[in-house]
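Dear colleague,

Here is the structure that I promised to hand over, with its sequence. My notes on what was found follow below.

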Amino acid sequence: MADPDSHSHSESSYEMLNESMLIGYLATKEEELELLSDGNTGKRVEVVQDTIDLTEFGEIPTEELLSVRTDYNHDFEKHKFLDLSKPLLWQVMTSNWTREFYLDQVHRPRHYGKGSAPLFGNFLEPLSLTPWYVVPLVWLPVNFYIFYQGFKNLPLLTSGFFWLVGLSAWSLIEYSMHRFLFHLDYHLPQHQLAYTLHFLLHGVHHYLPMDRMRLVMPPALFSILCLPFYKLVFAILPYNIACVGFAGGFLGYIGYDVTHYSLHHAKLPKFYQELKTNHLEHHYKNFQLGFGVTSVFWDKVFNTVLHPGDVDVFQKKI
């Protein structure tokens, strides 16, 4: 456009370009590298919007695109959902959305690109941020202590049997909680408070699926969700058996959270590729299928496996 040797364009040409014909700007090599970086610098570059709008994907984005950051000014203008530059929870609480609009938007992935987006925007913010290694660091010693309390008073085979029962039970609990609690979704009451609880529990993860600090459960939230299971197991089983059984399930949870982080951010061997594909398709293709994280066994049992021909729930445009 600006090359006089090629063709000189009038001011009217530039006005027409800006009004109706401008698609975007090609990134320079430096800008391209910045866009495909891990986003630690927080710098944003204006580029062709279609290259960074991951809310329209119906298949898993390539590894490179998983690190491209959302232009959240454009995203807010386009979708009228959440402004990623402001505390998210307050926006959800004070919203006036329909349930269908909230569910459609919260399951369209965004990538914040400079750490974690503000959830509370105040002193509570650290409670929502958990590095993956905190889970094994905090809970493995507790798990081993509980197991030992039962193991020391039981025969080896008895301990091993009930430990395996607990571990196996966890896989069904994992699937059931993910499907029927975290994805209550279309059974949510049509009220901002319900959306807020959903957003805190699991919606924020679907909204920002590559946020490294919100991929495992904060210890405080896990303690709350775990307490009913702890009470139930120790109420119906003898103490020693309850200890080893609960320890098996507890270890299953620890493995689940570490696996969940790895499926999003680690380079995994071929054995895990089916799990990784299943989980990322749950995020980027169809959030109503593919609920297993550490295993697809229960997805197969209950016919919720994602298949290549499944309808893409993101085809609906707002």
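**Salt bridges and other local features**

At 10% relative accessibility, Asp 83 counts as buried, a word that here means under 20% relative accessible area, with exposed meaning over 50% and partly exposed in between (1.4 Å probe, protein chains only). Its side chain meets that of Lys 86 in a salt bridge of 3.9 Å, N to O, and Lys 86 is partly exposed at 48%. A salt bridge is taken as a side-chain nitrogen of Lys or Arg within 4 Å of a carboxyl oxygen of Asp or Glu.

Before going further, please note that this is a predicted model, in which local features need pLDDT of at least 70 and side-chain atom pairs count only at pLDDT 80 or more, while totals for chains, interfaces and linings use all residues. Residues are numbered from 1 along each chain as its sequence is written, and side-chain values use heavy atoms, with hydrogens and water left out.

The structure holds 7 salt bridges. In one of them, the side chains of Arg 110 and Asp 75 meet at 3.0 Å, N to O; Arg 110 lies in the loop between helix 5 and helix 6 and Asp 75 in helix 3 (residues 72-79), so the pair ties together parts that are 35 residues apart in sequence. Helices (H or I, at least four residues) and strands (E, at least two) are DSSP runs, numbered from the N terminus. Arg 110 is buried, with a relative accessible area of 0%, and Asp 75 is buried as well, at 3%.

Lys 300 forms a salt bridge with Glu 274, the closest N and O atoms being 4.0 Å apart, and this pair links distant parts of the chain, with Lys 300 in helix 12 and Glu 274 in helix 11 (residues 273-284), 26 residues apart. Lys 300 is exposed at 53%, whereas Glu 274 is partly exposed at 48%.

Turning to the backbone, most residues other than glycine have a negative phi. Asp 185, however, has a positive phi near 40 degrees; this residue is found in the loop between helix 7 and helix 8 (192-207) and is buried, at 3% relative accessibility. Asn 303 also has a positive phi, near 60 degrees, but its place is in the segment after helix 12 (297-301), where Asn 303 is exposed, with a relative accessible area of 65%.
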